[in-house]
Amino acid sequence: MQKERSLDEQRDEFARRRLIATPIAGMIAWILIGISSLFLSPFAISLVLFAATGSIVYLGMFISKFTGENFLDKNRPKNTFDTLFFYSVGMSALVYAIAIPFFLIDYTSLPLSVGILTGLMWLPISWMIRHWIGLVHGVARTVAVLLVWYLFPDHRFLAVSAVIVLLYVFAILVLENRWRGLSANA
């Protein structure tokens, strides 16, 4: 019989993970949105945004097999912080209830609302792993998305996508460096 692990032990275990599969998936989704904004009609770009951002969690599950994170590993002991992470993902999905009504009024509101609201899940991640990257990503994403949304009204899908992709690249590099540091000290 396996000993029950404390929440502190589970949090430490969660914090030692690599945590790049989902950001890689998000980066791929926003690259797709940005590229499609160069060629597609507003309606088609909107559909790409809905489909791409809605598939981030599934793409992340697939990518996790290659990053060593393997989200679906049934042999790994249950961790309460996995549940909290998936609740954060669920929270991000629920924000479409805000994004959709504004999208129906102005389709260009979509990258603003989805870009900011789905970035909110980075805040609890920061707390879970005891690292600044989630706070920096979440706040920088909110400010930068809002800024480019106003500065580039004719290219909102592209500008917002570019900002989010750049922030993902930064976050992935920081998370990977963090994980390598933890692995070297283990």
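Helix α10 gives the most to the lining of the second largest pocket, with three residues. I start there because a method in which a probe the size of a water molecule is rolled over the atoms shows where empty space is left. Keep in mind that this is a predicted model.

To stay with that second largest pocket: its volume is about 180 Å³. Its lining has 14 residues, and the ones nearest its centre are Ser37, Asp154, His155, Arg156 and Phe157. Helix α3 also supplies at least two residues of this lining, as does α10. Sorted by class, the second largest pocket is lined by eight nonpolar, four polar and two charged residues.

Now the largest pocket. Its volume is about 800 Å³. The lining of the largest pocket has 35 residues, and Val57, Phe71, Phe85, Phe86 and Val89 lie nearest the centre. Which elements give two or more residues to that lining? They are α2 (21-36), α3 (42-54), α4 (56-67), α5 (80-94), α8 (122-129) and α10 (156-185). Helix α5 has the largest share, seven residues. By class, the largest pocket has 20 nonpolar, seven polar and eight charged residues in its lining.

Next, the chain as a whole. It has ten helices and zero strands. On overall dimensions, a compact globule of 186 residues would have a radius of gyration near 16 Å, and the chain has 17 Å, so the two agree. Along the principal axes, the C-alpha atoms fill a box of roughly 60 × 30 × 25 Å.

Of the 186 residues, 48% are buried. The chain exposes about 10,300 Å², and carbon and sulfur atoms supply 71% of that area. As for contacts, take those between residues at least 6 apart in sequence: 74% of them join residues at least 24 apart.

Is Pro111 buried or exposed? Its relative accessible area is 0%, so Pro111 is buried, the cut-off for buried being under 20%. Setting aside residues up to four places away in sequence, Pro111 touches Trp30, Leu49, Ile116, Val145, Arg156, Phe157 and Val160. Val160 is 49 residues from Pro111 along the chain, yet their C-alpha atoms are separated by 6.3 Å. Two of the residues that Pro111 touches, Arg156 and Phe157, are among those nearest the centre of the second largest pocket.

The other residue is Ile33, in helix α2. Ile33 has 0% relative accessibility and therefore counts as buried. For Ile33 and Thr22, eleven residues apart along the chain, the separation of the C-alpha atoms is 17 Å.

How values were computed
Residues numbered from 1 in each chain as written. Predicted model: local features only at pLDDT ≥ 70, side-chain atom pairs only at ≥ 80, totals over all residues. Heavy atoms only, no water. 1 Å grid on protein atoms, 1.4 Å probe; cavity = no way out; pocket = protein on both sides within 12 Å on 5 of 7 lines; lining within 4 Å. Points joined across faces, edges and corners; volume = space filled by probe spheres on them. Helix = DSSP H or I, 4+ residues; strand = E, 2+ residues; numbered from the N terminus. Nonpolar A, V, L, I, M, F, W, Y, C, P; charged D, E, K, R; others polar. Rg over C-alpha atoms; globule rule 2.2 N^0.38 Å. Buried < 20%, exposed > 50% of the residue type's maximum accessible area, 1.4 Å probe, protein only. Contact = heavy atoms within 4.5 Å. Areas by Shrake-Rupley, 256 points an atom, 1.4 Å probe, with all protein chains shown as cover.
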